[in-house]
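Hi everyone, thanks for coming. Let me put today's model up on the screen, and then I'll walk you through it.

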Amino acid sequence: MLWDALTLQLGYNATLVAIGATLLGVSAGVTGTFLFLRKRALVSDAISHATLPGVCLGFMVLVAFGGDGRNLIGLLAGSAVSAWIGLLCMNWLTRHTRLAEDAAIGAVLSVFFGFGIVLLTVIQTMGVGRQAGLEGFLLGSTAGMLWADALIIAIGGAATLLLVMIIRRPMTMVAFDPEYAAARGLPVHRIDLAMMGLVMAVTVVGLKIVGLILIVALLIIPPVTARFWSERSDRVVLLAGLAGGLAGYLGAALSASAPNLPTGPIIVLVSFGFFALSMFLAPVRGVLAAVLRHMRFQRRVHIRQGLLALAQGQKIYEPLTLRLLRRAGLARADGVATETGKARAAKALRDEKRWEIVRADQTHEATAALYDGLRDIETVLTRDQIAEIDRLIGGPQEVPA
Amino acid sequence: MSGEEFVPLSLTPLLIGTFAAIACALPGNFLVLRKQALIGDAISHVVLPGIVVAFLVTGAISTWPMMLGAAGASVMAVVLIEAVRRLGQIEAGAAMGVVFTTMFAAGVLLLEQTDTSTVHLDVEHALYGNLESLIWLDATGWSSVLDPVALAGLPPELSRIALTLLGVSLFVWLFWRPLKISTFDEGFARTIGIRTGVLGMALVITAAIAAVAAFDAVGSIIVIAMFICPPAAARMMTNRLETQIAWSVAFAILSAVFGYVLAGYGPLWLGAADAVSAAGMIATISGLILAFAALWGPCRTRAGAPGTA
């Protein structure tokens with residue numbers, strides 16, 4: 001069943017939904033990346049909630065003019081208008097009043113959504129039938145998706161992607177260093193608005209599939225996921241598009257493969273699965289990598305300290321140190337050094353003395369700053385310099401009888 | 001309108017709405033000042049999975065397990081957000097976005113998977129509550145307010161939200177000085193020995209309790225609106241925290257009362273037959289108040305006191 005779904009064999013509607021969700025995931029991931037890099041990820045939350053009054057007003061206008069209230073283009077146009085108004089309100093609040101951005105986001109989100117709910121109840125009491133589809137915009141409803149709806153989503157998604165590609169350079173610059181961008185003469189405020197406008201476009205396009213509450217997840221989770229895998233913004237954008245698209249495709253397929261699996265939530269959960277995997281397994285920024293890095297560091301510190309203790313004839317009490325030394329063949333179980341252990345210990349002690357001289361010498365200031373108790377001195381000084389230092393230390397001394 | 005009609009039908013929803021609004025606005029003042037305003041948003045989203053899980057465990061719609069589930073979910077969300085933020089080195093907003101959307105999606109999925117057709121549990125209800133249904137059937141008029149028999153029939157939501165309001169006020173009153181100091185100058189608060197981490201967590205948990213209790217009665221949309229709009233509007237009116245809190249309480253009461261009255265009677269005045277959503281209307285009114293404050297409030301600009309801008 002799942003295989004059928006993955007290969008788009010589950011019928012017309014499921015195929016439409018899968019293609020639509022994939023396109024939506026790609027454009028949401030790509031657009032959301034800039035928002036995330038600009039550290040304004042939750043702005044999408046305000047934008048998406050602000051679409052609700054527009055959807056309702058669009059419906060009312062359509063009905064008032066005698067049309068079919070569920071015309072997707074009309075509803076999406078309405079939602080775009082009200083989301084844009086919400087966006088401008090939020091921008092105005094942050095720029096012209098003392099409110100911080102988070103308060104502005106929360107205010108716009110709750111007030112617009114509340115007003116939308118008022119309108120929703122008005123529509124329910126208007127007595128015109130067929131308003132049932134409107135609640136679908138809260139959580140998305142893919143059951144009755146038409147070819148025309150899929151086409152709108154595809155065109156909207158592609159247009160958004162194209163626009164992102166055109167203005168990706170200024171957006172990246174503003175995201176990383178707005179002051180520099182302003183100094184270069186870029187209209188930072190307008191670029192920000194354009195970024196938000198693109199987010200709004202994605203939100204509007206995604207209303208039908210995942211609904212206005214969960215579209216936020218598609219705008220935030222894939223970029224955060226991608227960020228774990230790369231430090232380069234262009235790659236993060238690509239990876240976010242990939243993660244979003246995959247989540248959309250797999251989520252739509254999964255939800256088509258069994259009953260009672262709503263598309264929107266499944267897509268969100270799949271994309272969270274990618275996020276969790278990345279958080280633990282990503283090569284540099286992942287949790288597992290960090291734990292391994294820490295353990296490696298710990299091992300080096302223990303072995304180094306153990307060797308210094310061996311060289312100075314001190315007893316080692318720390319069990320971890322002893323175990324590590326034994327495993328490396330540097331000491332026996334009772335804490336007595338082996339032959340290699342003795343050699344390594346002597347070397348460690350001598351290195352420590354060399355470092356001491358380097359750190360006491362003003363001419364080696366830059367090198368001395370590199371001292372952290374672990375670094376091999378051969379990696380920072382040439383052989384000649386070390387020989388010079390060794391002359392200062394002198395050879396082994398004769399022990400008086 | 002006469003007491004026979006007003007007391008049973010409107011008095012309790014009005015009181016519940018007002019209490020819920022104040023209980024959310026009080027901690028909201030500190031959250032807005034600490035730039036944590038969206039915690040309320042996150043909590044109100046994750047309440048849904050908490051309630052659904054509680055329903056799955058107990059198999060019935062009963063209040064206390066559900067409130068416990070909701071509270072557990074909010075604490076879990078706060079912990080998860082912090083974990084994602086630290087482990088993944090992600091900025092707080094994005095971490096919040098990852099966690100609450102996922103938990104909300106899980107809640108919706110669980111709801112779809114379980115058979116809740118026999119009980120009153122759905123997403124719409126969770127979002128905008130059902131303030132209008134909290135009527136007091138045993139009341140016959142104003143005299144019922146003193147009648148112990150009729151008082152026994154009060155909706156249980158009223159006593160719960162009143163208790164919550166009391167608890168929240170007590171928290172703010174008891175911890176007033178440390179809260180105020182740590183909100184404005186966290187470094188200084190630490191140097192004089194206030195444990196800011198614990199206090200911040202306590203504030204978030206208080207907010208979560210207020211949110212859950214209010215959510216039970218009025219739905220999550222009021223919760224978000226009341227956490228942010230009245231405090232934000234009050235912020236435009238004054239530079240003193242004491243005055244700001246007084247303003248925010250006044251704004252909260254104003255939005256609750258006006259919102260409820262407009263939702264219940266406004267459409268009738270306009271000639272329509274049915275009322276509109278009270279929760280939505282209360283949120284809308286609070287937004288209008290915020291808009292007025294943002295346009296004409298004496299301390300609306302970032303420069304602070306009037307005249308110095």
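Let's begin with one helix. Helix H4 of chain B, residues 92–113, has 22 residues and reaches 32 Å from its first C-alpha to its last. That is close to the 32 Å expected at 1.5 Å a residue, where the expected span is 1.5 Å times one less than the number of residues. By helix I mean a DSSP run of H or I, at least four residues, and by strand a run of E, at least two, numbered from the N terminus.

Before I go on, some housekeeping. This is a predicted model, where local features need pLDDT of at least 70 and side-chain atom pairs count only at pLDDT 80 or more, while totals for chains, interfaces and linings use all residues. Residues are numbered from 1 along each chain as its sequence is written, and chains are lettered from A and ligands numbered from 1 in the order in which they are written.

So where does H4(B) sit? Of its 22 residues, 18 are buried, so this helix is largely enclosed by the rest of the structure. Buried means 20 or more other C-beta atoms within 10 Å of the residue's own, exposed means 12 or fewer, and partly exposed is in between, with C-beta atoms placed from the backbone.

Most residues other than glycine have a negative phi. B:Gln89 has 13 C-beta neighbours inside 10 Å, so it counts as partly exposed. B:Lys35, in the loop between H1 (3–33) and H2 (38–58) of chain B, also has a positive phi, near 60 degrees. With 12 neighbours, B:Lys35 counts as exposed.

Now zoom out. How many helices and strands does chain B have? The count is 13 helices and 0 strands. Its C-alpha atoms fill a box of roughly 60 × 50 × 35 Å along the principal axes, and buried residues make up 51% of the 309.

Last, the partner chain. 48 residues of chain A are in contact with 54 residues of chain B, contact being C-beta atoms, placed from the backbone, within 7 Å. On chain A's side, H6(A) gives the largest share, 16 residues. That side divides into 35 nonpolar, 7 polar and 6 charged residues. Here Ala, Val, Leu, Ile, Met, Phe, Trp, Tyr, Cys and Pro count as nonpolar, Asp, Glu, Lys and Arg as charged, and the others, Gly among them, as polar.

Terms used. Contact = placed C-beta atoms within 7 Å.
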